[in-house]
Amino acid sequence: MSDAPAYTVVVPTIGRACLAECLRALAEARGHPPHEVVVVDDRPAPDGDLPVQAAGQLLDRVRVLRTGGEGPAAARNTGWRTVRTPWTVFLDDDVQVLPDWSRLLAEDLRQAGEDVGGIQGRLQVPLPPDRRPTDWERNTKGLENAAWATADMAYRTQALTRVGGFDERFPRAFREDADLALRVERAGWCLVRGKRVTRHPVRAAHWWASLPAQRGNADDALMNRLHGRDWWDRAQAPRGRLRRHLAVTGAALAAASCALTGRRRAATAWAALWTLGTAEFALARILPGPRTAGEIAGMLGTSVLIPPLAVRHWLRGAVRHRHARPLRGTG
């Protein structure tokens, strides 16, 4: 594989146990090993060392940098800005590359024309074989169709330099990858899908995990400001249910307002609309799942709370980012 371009792997982490499996799988991949593996420790208050010993035969190629809890975009920027190879490959700390990953990556890099700025790996999300997937598991399964996800994404280091890397105004692992992809395309490169495959297990999550996930609506508001309202299509991103959440939340507010002003019939009508909208949302999440008592209870509770939370975060994001401008040199 000596004729394939050299690459460096950048792995941001907050110290999750899955990092060891990520590094172990990377070390076991055969064919075209990375020039370096840059592990970026983004723990706000590091407690002990990271399990980099799991990198095995790649241990002498591992460098650890620390960013102190600045977020995944900042962590990735810290990592790639130290890269000296033509390509930078971003992996999340909760993925596991397959044994032929580095060989297929070599083919991806070798076949990339000069106009190719990024090559996405193919994600594989295993689901339980003996039951229907939960709502959380189905959401994770959606990563298999996500475009330009940095769970496994190779970029020309030159392209990252030209566009300034990740926009650190995206504080969480959501939309920062789509934003970067759109800016790389705007700078004149194309993005393609490669042959390599990476396993992305479903991480354990509490039943209420869908509630803090609604913060991502603020990032959607920032995307609207930076890329226009058609960015969904250009980034190949699903639009989600924000419009329905706006309608359901509006119905709830209207019902409360009418009740407070003594308009009982109107309040009843609006409350009925809210109930129907909430029931539709809950059923859409319950019916495809395992339908256990715990799953049903969790879906019912969170289906009531998600619409107003989504609207709240979206409105806050729209206000916070109302004057946002594209990164310098990428507008």
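Contact here means heavy atoms within 4.5 Å. This is a predicted model, in which local features need pLDDT of at least 70, side-chain atom pairs count only at pLDDT 80 or more, and totals for chains, interfaces and linings use all residues. Residues are numbered from 1 along each chain as its sequence is written, and side-chain values use heavy atoms, with hydrogens and water left out.

Leaving aside residues up to four places away in sequence, Trp101 touches several residues, among them Tyr7, Val9, Leu26, Val89 and Leu91. Trp101 and Val9 have the most contacts inside the largest nonpolar core, which has 34 residues. A nonpolar core is a set of buried Ala, Val, Leu, Ile, Met, Phe, Trp, Tyr and Cys residues joined through side-chain atoms within 4.5 Å; buried means under 20% relative accessible area (1.4 Å probe, protein chains only).

A separate core of 22 residues includes Trp80, Val83, Ala147 and Trp148.

Now to the sheet. Strands are DSSP runs of E with at least two residues, helices runs of H or I with at least four, both numbered from the N terminus. Two strands pair if DSSP finds at least two bridges between them. Eight strands form an open sheet in the order 3-2-1-4-7-6-8-5, with mixed pairing. Strand 3 (62–66) and strand 5 (96–97) each have a single partner strand, so one side of each lacks a neighbour in the sheet. Strands 1 and 4 pair in the parallel sense over four bridges, and Thr8 stands opposite Thr88 in strand 4.

Methods. Buried means under 20% relative accessible area, exposed over 50%, partly exposed in between (1.4 Å probe, protein chains only).
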